[in-house]
Amino acid sequence: MSPWARPAGATPEAIWTYYERAQLALGSLRRELAAMPQGHVLFSGMTAGEVDETLRDMRDELDRQITLTLMASFEGLLR
């Protein structure tokens with residue numbers, strides 16, 4: 001299994017591991033984008049500020065998804 005694959009189990013530990021890996025991936029993407037020349041195809045037509053805002057939005061969405069997944073996981077453990 002790939003180290004970046006989504007964990008198979010819905011245990012809190014597996015969910016947190018997935019979250020940490022996703023945070024690392026977003027950080028790597030941000031660093032790579034900063035090193036690329038302006039106008040690269042990946043985020044074509046976006047200013048540096050718009051790219052930063054998009055990455056922040058992606059991180060916020062990840063935070064919300066993980067929060068809900070952890071809550072469901074804890075609820076499942078309590079039942």
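Guide: Let's start with a cut-off: a residue is buried under 20% relative accessible area, exposed over 50%, and partly exposed in between. Keep in mind that this is a predicted model. Take R30: its relative accessible area is 33%, so it falls in the partly exposed class.

Visitor: Which residue forms a salt bridge with R30?

Guide: For a salt bridge, look for a side-chain nitrogen of Lys or Arg within 4 Å of a carboxyl oxygen of Asp or Glu. Here, the partner of R30 is D52, and the closest N and O atoms are 3.9 Å apart.

Visitor: Is D52 buried, exposed or partly exposed?

Guide: Use the cut-offs again. D52 has 31% relative accessibility, so it counts as partly exposed.

Visitor: How many salt bridges does the structure hold?

Guide: There are 2 salt bridges. Besides the R30 and D52 pair, the side chains of R64 and E61 meet, with N to O at 3.0 Å.

Visitor: Where do R64 and E61 lie?

Guide: Both belong to helix α2, 3 residues apart, which is about one turn of the helix. As for accessibility, R64 is partly exposed at 46%, and E61 is partly exposed at 36%.

Visitor: Now for the rings. How is a pair of aromatic rings described?

Guide: You give two things, the distance of the centres and the angle of the planes. Searching the whole structure turns up 1 aromatic pair. The partners are W16 and Y19, with ring centres 4.9 Å apart and planes at 40 degrees, so the pair is tilted. The reasoning rests on the angle: under 30 degrees would count as stacked and over 60 as edge-to-face.

Visitor: Where in the structure are W16 and Y19?

Guide: Both are in helix α1, 3 residues apart, so about one helical turn separates them.

Visitor: And is Y19 buried or exposed?

Guide: Y19 is buried, with a relative accessible area of 14%.

Definitions and conventions
Residues are numbered from 1 along each chain as its sequence is written. This is a predicted model: local features need pLDDT of at least 70, side-chain atom pairs count only at pLDDT 80 or more; totals for chains, interfaces and linings use all residues. Side-chain values use heavy atoms; hydrogens and water are left out. Buried means under 20% relative accessible area, exposed over 50%, partly exposed in between (1.4 Å probe, protein chains only). Helices (H or I, at least four residues) and strands (E, at least two) are DSSP runs, numbered from the N terminus. Rings of Phe, Tyr and Trp (its six-membered ring) pair if their centres lie within 6.5 Å; planes under 30 degrees apart count as stacked, over 60 as edge-to-face and the rest as tilted.
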